[in-house]
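I opened the model to go through its pockets, cores and domains. My entries follow the order in which I looked things up.

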Amino acid sequence: MNEVWLNGRFLPADAANVPVFDRGFLLGDGVYEIVPVYSRKPFRLDAHLARLQHSLQGIRLANPYGIEAWRKIALELAARQDFADQSLLIQVTRGVPLPGQPLRDHAFPRDAAPTVLVFAQPLVPPAEAQKAAGVCAITAPDPRWQRCDLKVISLMANVLMRQRAVEAGCAETIFIRDGLLTEGAASNIFVVQDGTLCTPAPSTHMLTGITYEVVLELAARHGIAVRVGEVTEAGLRSADEIWMTSSTKEIMPVVMLDEMPVGNGRPGPVARQMDALYQQFKQDVMRR
Ligand code: PDD
């Protein structure tokens, strides 16, 4: 049986329970991280833990553990799974109000202990055939709040928009806010325009992906021209290439946008180059 970490200890998944009055359940009051793990080694764990800290600070919840404690939990949990490549989920909620306090009140409860859950699922990277074919995407006005830089568990807008994509036979919904590209419902978006890789700059309108950061580092290291800044809706629609990036999807070419071909309708050369660099980088990190 694969184990999970809940509030200070490892236990079998089917023995792990959270009370019904947990604010994560009642109010979506919490944050999360998803860390890819290859051969039981977490990828860019420190960056994920830094983003977790940023999210916790953003919702004014104290980090229950220090970096070393988190690192130990992640490594130990990864070791306790019977599959080697994992998608590790870390979730921290504002917990359960202590007796004598309202069971459900928007305002913070006093002195509640956070609920901390960490579990792993098997990670299946995208198949070569899918990367070679690419995926399609749709666009929609960005319906979310003004703090999309926080990885919060209240994901209603993202859930509905991802589902809209799935029902359109697509992989992702790409958001447009005030005429500008922000990101996907569960991914960051890059475009290639005349050989230059373009992507929005980090802001409160998007989550700064760890994959996004790796892609920008690799582009800089390998001399790929990059422009980080505004990408207009027109720029998106006329791009030679569009990619979505995330820890689980890696670098995935988008070949159809709103039923129109992107570029020549096939994954482009810059996507192929970046995917090769990314796969090599992953290998290098795992060997280290
Ligand atoms: N999603 N933007 C949003 C809204 C996301 O949900 C994600 C990741 C990203 C990419 O971040 P990263 O490269 O660190 O995975 C950008 C994860 C995988 C999820 O919630 O399923």
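**Largest pocket.** I sorted the lining of the largest pocket by class and got 20 nonpolar, 17 polar and 11 charged residues. I counted Ala, Val, Leu, Ile, Met, Phe, Trp, Tyr, Cys and Pro as nonpolar, Asp, Glu, Lys and Arg as charged, and the others, Gly among them, as polar. The model is predicted: local features need pLDDT of at least 70 and side-chain atom pairs count only at pLDDT 80 or more, while totals for chains, interfaces and linings use all residues. Residues are numbered from 1 along each chain as its sequence is written, and side-chain values use heavy atoms, with hydrogens and water left out.

I noted a volume of about 1,100 Å³ for the largest pocket. On a 1 Å grid over the protein atoms alone, a pocket is an open set of points with protein on both sides within 12 Å along at least five of seven lines; a cavity is a set where a 1.4 Å probe fits but cannot get out; lining residues have an atom within 4 Å of a point. Points are joined across faces, edges and corners, and a volume is the space filled by probe spheres set on them.

Of the 48 lining residues of the largest pocket, Tyr32, Lys151, Leu155, Asn158 and Ala185 are the closest to its centre. Elements giving two or more residues to this lining include α1 (23-27), β3 (30-38), α2 (45-58) and α5 (156-167). Helices (H or I, at least four residues) and strands (E, at least two) are DSSP runs, numbered from the N terminus. The most comes from α5, with 6 residues.

**Domains.** I have domain 1 at 3-122 and domain 2 at 128-286; the bounds come from an automatic or database domain assignment. Their C-alpha centres lie 27 Å apart. The contact (heavy atoms within 4.5 Å) takes 24 residues from domain 1 and 23 residues from domain 2. Each domain also supplies at least three residues to the lining of the largest pocket.

**Second largest pocket.** I read a volume of about 190 Å³ here. Among its 13 lining residues, Leu180, Leu181, Thr182, Ser203 and His205 lie nearest the centre. β9 has the largest share of this lining, 3 residues.

**Cavity.** I found 1 cavity of 30 Å³ or more. The largest cavity has a volume of about 40 Å³. Its lining includes Asp240, Glu241, Pro253 and Arg266, and β14 gives the largest share, 3 residues.

**Cores.** I took a nonpolar core as a set of buried Ala, Val, Leu, Ile, Met, Phe, Trp, Tyr and Cys residues joined through side-chain atoms within 4.5 Å. Buried means under 20% relative accessible area, exposed over 50%, and partly exposed in between (1.4 Å probe, protein chains only). The largest core has 25 residues, of which Trp70, Leu88, Ile90 and Val118 touch the most other members. α3 gives the most to this core, with 5 residues. A second, separate core of 24 residues includes Tyr38, Val214, Ala219 and Phe281.

I also listed the partners of Leu88, leaving out residues up to four places away in sequence; among them are Ile34, Ala74, Leu77 and Phe119.

**Thr199.** Is Thr199 buried or exposed? Thr199 is buried, with a relative accessible area of 1%. Thr199 lies in strand β11 (residues 196-199). Beyond four places in sequence, its contacts include Phe190, Tyr212, Leu216 and Arg227.
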